[in-house]
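Welcome! Please have a look at the model below, and then let us walk through how its chains meet.

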There are 4 protein chains.
Amino acid sequence: ESANEFQAQKVSLTHKLQDTEMRNQVLEAQLGDLEQRLESSQLEREAFRKSLRSLLELLDSKIFELTELRDTLAKLLEGS
Amino acid sequence: ESANEFQAQKVSLTHKLQDTEMRNQVLEAQLGDLEQRLESSQLEREAFRKSLRSLLELLDSKIFELTELRDTLAKLLEGS
Amino acid sequence: ESANEFQAQKVSLTHKLQDTEMRNQVLEAQLGDLEQRLESSQLEREAFRKSLRSLLELLDSKIFELTELRDTLAKLLEGS
Amino acid sequence: ESANEFQAQKVSLTHKLQDTEMRNQVLEAQLGDLEQRLESSQLEREAFRKSLRSLLELLDSKIFELTELRDTLAKLLEGS
């Protein structure tokens with residue numbers, strides 16, 4: 001091959017390499033972005049579940065208090 | 001005693017007897033009235049208690065349904 | 001009438017009067033007893049109703065607290 | 001430059017290009033995987049919220065029924 005041909009091939013390879021590296025940077029940015037979204041979505045989800053667990057405990061105590069009220073009514077009905 | 005004295009005593013006794021019998025009738029009427037009030041008050045009370053027992057059963061079923069709802073929420077929180 | 005006849009009538013009237021007065025005392029005792037039972041039944045009834053009114057207020061507050069819990073759940077579902 | 005130098009540069013560029021393209025494929029695979037995880041996490045989340053909305057409606061109806069029960073008790077207490 002002639003020196004010109006080598007030169008042309010080198011230029012072409014260099015361009016391809018630059019394109020591929022650019023594409024790489026874009027992909028890495030997208031990946032970083034997605035990872036952050038996934039992580040913040042999981043944090044949100046944990047906070048949401050924590051709130052729901054508090055609600056569940058509150059519901060438990062309300063059911064317990066309604067059951068006490070029910071027992072008081074039952075005793076009133078038996079005792080008289 | 002003379003016949004006049006006997007006559008006077010008889011009249012007095014007859015009056016006393018009439019007064020006492022009158023008082024008797026009044027008392028019997030009051031007694032009848034009170035007995036009726038007591039009976040109707042007990043019937044009312046029974047009806048009232050019957051309604052309360054229905055409410056108690058309804059309250060039982062509502063507490064049961066809230067407990068099912070609570071269990072569904074707990075399973076949702078565990079299962080994900 | 002002879003003195004004997006008057007005497008017999010007087011004895012008879014006196015017995016009748018005693019029987020009627022006795023009956024009177026029995027009726028008054030029954031009346032007093034019934035009045036006491038009616039009164040104590042009304043006191044019981046008032047105490048019973050007072051307890052039920054307390055239960056009603058308690059039920060109101062439980063319903064209010066369940067409604068707050070419901071609103072918290074609704075906001076959790078909207079807000080995320 | 002000599003032909004040898006050009007040849008060496010061409011080989012080096014070709015290797016770099018291959019590495020970068022390989023890295024690209026890895027990144028695209030990771031990206032595809034992450035996107036799928038994010039999507040399935042959102043589907044899960046939607047299903048979860050749909051279940052919670054059903055629970056909210058159920059809770060609404062239970063609160064409504066407890067309020068009806070409360071009104072019945074209030075009427076019983078007024079009416080007698």
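At what angle do helix α1 of chain A and helix α1 of chain B pack, and how far apart are their axes? Helix α1 (residues 3-78) of chain A packs against helix α1 (residues 3-78) of chain B at an angle of about 160°, and their axes lie 10 Å apart. This is a predicted model, in which local features need pLDDT of at least 70 and side-chain atom pairs count only at pLDDT 80 or more, while totals for chains, interfaces and linings use all residues. Residues are numbered from 1 along each chain as its sequence is written, chains are lettered from A and ligands numbered from 1 in the order in which they are written, and side-chain values use heavy atoms, with hydrogens and water left out.

**Helices of chains A and B**

- The angle is taken between N-to-C directions and runs from 0 to 180 degrees, with axes fitted to C-alpha atoms over the stretch in contact; helices are DSSP runs (H or I, at least four residues), numbered from the N terminus.
- α1(A) and α1(B) are therefore roughly antiparallel to each other (angles over 145 degrees count as such, and those under 35 as roughly parallel).
- Their crossing, α1(A) with α1(B), is left-handed, a word used if the near helix is turned anticlockwise from the far one by less than a right angle.
- The contact of α1(A) with α1(B) has 20 nonpolar, 2 polar and 8 charged residues; Ala, Val, Leu, Ile, Met, Phe, Trp, Tyr, Cys and Pro count as nonpolar, Asp, Glu, Lys and Arg as charged, and the others, Gly among them, as polar.

**Helices of chains B and C**

- α1(B) and helix α1 (residues 3-78) of chain C pack at an angle of about 20°, with axes 6 Å apart.
- α1(B) and α1(C) are therefore roughly parallel, and their crossing is left-handed.
- By class, the contact of α1(B) with α1(C) has 22 nonpolar, 14 polar and 20 charged residues.

**Chains A and C**

- α1(A) and α1(C) pack at about 165°, their axes 10 Å apart, which makes α1(A) roughly antiparallel to α1(C).
- The contact of α1(A) with α1(C) divides into 20 nonpolar, 4 polar and 4 charged residues.
- In all, 15 residues of chain C are in contact with 15 residues of chain A, where contact means heavy atoms within 4.5 Å.
- Chain C and chain A bury about 1400 Å² between them, 88% of it on carbon and sulfur atoms; this is the accessible area (1.4 Å probe) that two parts lose on being put together, summed over both.
- In chain C, Leu55(C), Leu69(C) and Leu76(C) lose the most area to chain A, together 37% of what that side buries.

**Chains A and D**

- Chain D gives 29 residues to its contact with chain A, and chain A gives 29 residues.
- About 2800 Å² is buried between chain D and chain A, 70% of it on carbon and sulfur atoms.
- Phe6(D), Leu13(D) and Leu38(D) supply 20% of the area that chain D buries against chain A, more than any other three residues.

**How the copies are related**

- Chain D superposes on chain A by a rotation of 178° with 0.0 Å of shift along its axis (RMSD 0.3 Å).

Note on methods: Helix = DSSP H or I, 4+ residues; strand = E, 2+ residues; numbered from the N terminus. Parallel < 35°, antiparallel > 145°, perpendicular 65-115°, else oblique. Least-squares fit on C-alpha atoms with pLDDT ≥ 70 in both.
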